[in-house]
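Q: I have a protein model open and want to learn how to read its features. Please take me through it in short steps.

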Amino acid sequence: MTSLFEPTRAGDLQLDNRIAMAPLTRNRSPEAIPTDLGATYYAQRASAGLIISEATAISPQGQGYADVPGLYGTEQLDGWKKVTHAVHEAGGKIVVQLWHVGRVSHTDLQPGNAAPVAPSAIRAHTKTVLIKDGVPTFTETSQPRALDSEELPGIVRDYRHAARHAIAAGFDGVEIHAANGYLIDQFLKTGANHRTDDYGGSIENRARLLLEVTRAITEEIGGGRTGIRLSPVTPANDIVDADPQPLFEHVVRELAPLGLAYVHVIEGATGGPRELPDRPFDYAALRAAYRAAGGKGAWMVNNAYTRELAEQALAQGADIVAFGRPFIANPDLVERLRRNAPLNEVNRATLYGGGAEGYTDYPALDA
């Protein structure tokens, strides 16, 4: 039986084990610049087979939360270089998750206090985080404007440039964030995309931006250093699709020839139930569609996994299992899983914003 603790490959990436650290937004990058404290945080968790960084904006327009990092300016790249160096010194591998939030933003976070952008001018009934007097504050998102089709090539270029910057900053690769109700997912799903041009209507049209972005990035840095994250049925950030099964099977069939390092799938509701009675989905059929189309990338699964569930997933055909919040409180999560040791509890009050408390001060087993 395949073990969580066996080495594996994801495209060009040789991984020491099959445990990934999922992307986790922590709102500790003032001016969108990663800090020395961030370098410590990620290096503490370098025993993961693969670290996927917190979501990182590809452009100022792509920002949607206060104090999240970017990958479009010199100071940001310099900050990330400290992070990647620290992770590599600790023996780890790290990719950056590339992010454009689309409509999940606020005018206070947009250049010139402009409206956030979206496939259609439909407001997301969700909240973002602003920092007010040093305190993280959940705030309703702003009304977006619909993107003109002439703007979309520029967004694709922003993704391409961010991927190039990621490699220059020392990342081992990138993960395209196409999940959780952010811009690419907004284009995919009928609840947010009411367009009547070449980027709306049919499945093929709604998947167009995702595929343009992915092809641009694989051309820039190679498919073997490119992963993608999908969330077929999560309701996160007020997102829904009328018929997700054929949509996502089309997506993975089109991704198959691109030689991706991995496909990262959130099963169920992000950070919530793994099964949604009102949104049934066949994840085994999704993986089968990818493999039948020639997709050879590692298949990464995510959402509320325990060691027992992870071992079941590997036995059923998954290659890598991503763990999210357990990595926040357990920098040595891999060793704790190996020993079946108790896990530290997350301090929810320190999840977003702040300093070392609840960030780099969680104890390891032998500390």
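Q: Why does the span of helix α6 agree with its number of residues?
A: The expected span of a helix is 1.5 Å times one less than its number of residues. Helix α6 (residues 208-221) has 14 residues and should span 20 Å; its end C-alpha atoms are 20 Å apart, which agrees. Helices (H or I, at least four residues) and strands (E, at least two) are DSSP runs, numbered from the N terminus.

Q: What am I looking at, and how is it numbered?
A: This is a predicted model, with residues numbered from 1 along each chain as its sequence is written. Local features need pLDDT of at least 70, side-chain atom pairs count only at pLDDT 80 or more, totals for chains, interfaces and linings use all residues, and side-chain values use heavy atoms, with hydrogens and water left out.

Q: Which residues of α6 are buried?
A: Buried means under 20% relative accessible area, exposed over 50%, partly exposed in between (1.4 Å probe, protein chains only). In α6 the buried residues are L209, L210, L211, V213, T214, A216, I217, T218 and I221.

Q: What do the buried residues of α6 pack against?
A: Look for contact, meaning heavy atoms within 4.5 Å. The buried residues of α6 pack against the strands β5 (94-99), β10 (173-177) and β11 (226-230). They also pack against the helices α3 (152-168), α4 (183-188) and α7 (244-255).

Q: Which residue follows α6, and what is its phi?
A: Most residues other than glycine have a negative phi. After α6 comes G222, with a positive phi near 95 degrees.

Q: How does α3 read on span, burial and what follows?
A: At 1.5 Å a residue, its 17 residues should span 24 Å; the end C-alpha atoms of α3 are 25 Å apart, which agrees. Buried here are L152, G154, I155, V156, Y159, A162, A163 and A166. The cover over these residues includes β5, β10, α4 and α6. G170 follows α3, and its phi is positive, near 100 degrees.

Q: Why is α7 called largely enclosed?
A: Count its buried residues. Nine of the twelve residues of α7 are buried, so the rest of the structure largely encloses this helix. They are P244, Q245, L247, F248, E249, H250, V251, V252 and L255. The buried residues of α7 pack against α4, α5 (203-206), α6, β11 and α8. From first C-alpha to last, α7 reaches 16 Å, close to the 16 Å expected at 1.5 Å a residue.

Q: Where is A289, and what does it touch?
A: A289 is found in helix α8 (residues 283-292). It is buried, with a relative accessible area of 11%. Not counting residues up to four places away in sequence, A289 touches E249, V252 and R253. The C-alpha atoms of A289 and F248 are separated by 9.4 Å, though these residues are 41 apart along the chain.

Q: Is S59 buried or exposed?
A: S59 is buried, at a relative accessible area of 6%. It is found in the loop between β4 (50-57) and α2 (74-89). Leaving aside neighbours within four places in sequence, S59 is in contact with Y72, H100 and D158.

Q: What is the phi of N27, and of D67?
A: N27 has a positive phi of about 55 degrees although it is not a glycine. D67, also not a glycine, has a positive phi of about 60 degrees. N27 is in the loop between β3 (19-21) and α1 (36-44). D67 is in the loop between β4 and α2. N27 is buried, at a relative accessible area of 3%. D67 is partly exposed, at 26%.

Q: Now the whole chain. What does its radius of gyration say?
A: The radius of gyration is taken over C-alpha atoms; the globule rule is 2.2 Å times the number of residues to the power 0.38. With 367 residues, a compact globule would be near 21 Å; the protein chain has 19 Å, which agrees. The C-alpha atoms fill a box of roughly 60 × 50 × 40 Å, taken along the principal axes.

Q: How many helices and strands are there, and how much is buried?
A: The protein chain has eleven helices and 14 strands. Buried residues make up 57% of its 367 residues. Among contacts between residues at least 6 apart in sequence, 73% join residues at least 24 apart.
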